[in-house]
Amino acid sequence: MLRWRGLEATPGDLGRTVVTIGMYDGVHRGHQTLIGAAVERARAMDRPCLLLTFDPHPAEVIRPGSHPAILTSMDRKGELVAELGVDAMCVLPFTQDFMRLSSETFTHTVLVERLHAAQVVVGQNFTYGHRASGTVETLEVEGRRFGFAVDPVPLAEDSSNDGAITISSTYIRACVAGGDMVSAARALGRPHRVDGVVVRGDRRGKAMGYPTANIESPAFTAIPADGIYAGHLVLREARTGASLDRLPAAISVGSNPTFQGSRRTVEAFVLDYDDDLYGEHVGVEFVQRLRPMLRFENLDGLLEAMAKDVSDTRSILGM
């Protein structure tokens with residue numbers, strides 16, 4: 001998949017495209033439906049499917065200090081949309097100047113002049129331009145004027161619980177924040193994952209026979225509620241961020257209250273694995289919460305709980 005940042009870096013030989021636009025944070029099941037529709041249109045028209053996304057999150061520029069928790073890093077987003085068949089991804093810096101573009105200027109400058117849109121596929125609630133003045137209806141009007149079609153796609157719903165829930169990044173963030181990784185995974189279509197680099201921690205785990213990989217993740221990453229989780233540690237290629245090996249792990253999120261910790265960390269004990277992971281680029285997938293983070297009165301109580309956590313992890317992962 002081609003990938004670039006900024007309109008000025010758009011390849012000159014791209015030709016006319018089928019464009020889909022959005023933050024696509026999480027690339028959840030609703031996003032997958034929308035992106036799948038764009039890929040289908042592109043294949044039918046024999047044109048490349050181009051995904052247009054933004055960095056940083058528009059909310060942080062529009063309302064500084066309101067940056068939402070991020071479900072997928074940009075590298076992970078690129079990996080996921082490529083798996084869905086997207087041919088190119090353009091990351092637009094969301095700046096104060098960009099925020100002030102009128103809807104018509106956005107359409108003409110971005111979609112027509114730079115990305116050469118033949119068709120635009122968006123969610124039915126899509127808005128764009130200064131103060132979100134543009135809607136699907138105004139985009140359709142501008143499309144007729146500038147020569148591209150518009151295909152609005154209905155929002156996806158999860159009907160597995162009582163009452164249908166619209167699948168959204170906001171809903172998934174709430175699930176993650178509450179430690180409900182099963183509901184988050186159902187909406188995402190896969191386990192929630194935190195990407196980062198393995199750094200040196202306090203090394204208490206190694207002394208107790210449970211050496212952990214301490215994950216340092218980017219700012220604003222959506223970290224699950226404090227507790228112990230069953231999941232996986234995914235090794236990633238450092239340069240591209242591509243996912244490689246996937247290893248079973250018991251995962252701790254919190255501040256280690258037994259040792260009067262104050263800094264919140266994500267640590268993964270990889271089962272049946274002895275190699276050194278320091279400096280490795282990894283992803284931590286959360287499958288299911290085992291228990292809340294607890295403070296133990298003595299080391300024996302903690303070790304007993306950790307042994308049970310590992311046993312429960314094996315059971316949940318079918319090992």
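Q: What makes β13 and β14 count as paired strands?
A: In this predicted model, β13 and β14 are joined in the antiparallel sense over nine bridges, and because at least two bridges are what pairing requires, these strands count as paired. Within this pairing, L233 stands opposite L247 in β14.

Q: Which sheet do these strands belong to, and what is the order of its strands?
A: They belong to a closed barrel of six strands, which runs β11-β12-β15-β14-β13-β16 with antiparallel pairing. Neighbouring strands of this sheet are turned against each other by 45° on average, direction ignored.

Q: How do you know that the length of α10 agrees with its number of residues?
A: The 18 residues of α10 (residues 299–316) should span 26 Å at 1.5 Å a residue, and since the C-alpha atoms at its ends are 25 Å apart, the two values agree.

Q: Why are the buried residues of α10 said to line one face of the helix?
A: The residues in question are L302, A305, M306, D309, V310 and T313, which are buried. Seen down the axis of α10, the buried residues fall within an arc of 145°, and therefore they line one face of the helix. They pack against β13 (227–236), β14 (243–254), β15 (265–270) and β16 (281–291), whereas D300, E304, K308 and S315, on the other side of α10, are exposed. Just after the helix, G318 takes a positive phi of about 70°.

Q: Why is H28 called buried?
A: The relative accessibility of H28 is 3%, and because buried means under 20%, H28 counts as buried. This residue is found in the loop between β2 (17–21) and α1 (29–45), and, leaving aside residues up to four places away in sequence, H28 touches I167, S168, S169, I172, A187 and L188.

Q: What makes the approach of H28 to G30 a polar contact?
A: A polar atom of the side chain of H28 lies 3.0 Å from the backbone nitrogen of G30, and because the limit for such a pair is within 3.5 Å, the distance meets it.

Q: Why is P152 called partly exposed?
A: P152, which lies in strand β8, has a relative accessibility of 32%; because buried means under 20% and exposed over 50%, this value falls in between, and P152 counts as partly exposed. Not counting residues up to four places away in sequence, P152 touches V122, Q124, V136 and E140.

Q: What makes β1 and β8 edge strands in their sheet?
A: Six strands form an open sheet with parallel pairing, in the order β1-β4-β3-β2-β5-β8. There β1 (2–5) and β8 (149–153) each have a single partner strand, so one side of each is left without a neighbour in the sheet. The twist from one strand to the next averages 20°. The partner of β1 is β4 (residues 88–93), joined to it by four bridges, and in β4 the bridge partner of R5 is V91.

Methods: Residues are numbered from 1 along each chain as its sequence is written. This is a predicted model: local features need pLDDT of at least 70, side-chain atom pairs count only at pLDDT 80 or more; totals for chains, interfaces and linings use all residues. Side-chain values use heavy atoms; hydrogens and water are left out. Helices (H or I, at least four residues) and strands (E, at least two) are DSSP runs, numbered from the N terminus. Buried means under 20% relative accessible area, exposed over 50%, partly exposed in between (1.4 Å probe, protein chains only). A polar contact is a pair of N or O atoms within 3.5 Å; within protein, one must be able to donate a hydrogen and the other to accept it, and residues adjacent in sequence count only if both atoms are side-chain atoms. Contact means heavy atoms within 4.5 Å. Axes are lines fitted to C-alpha atoms, for helices over the stretch in contact, and angles run from 0 to 180 degrees between N-to-C directions. The expected span of a helix is 1.5 Å times one less than its number of residues. The arc is that of the directions from the helix axis to the C-beta atoms.
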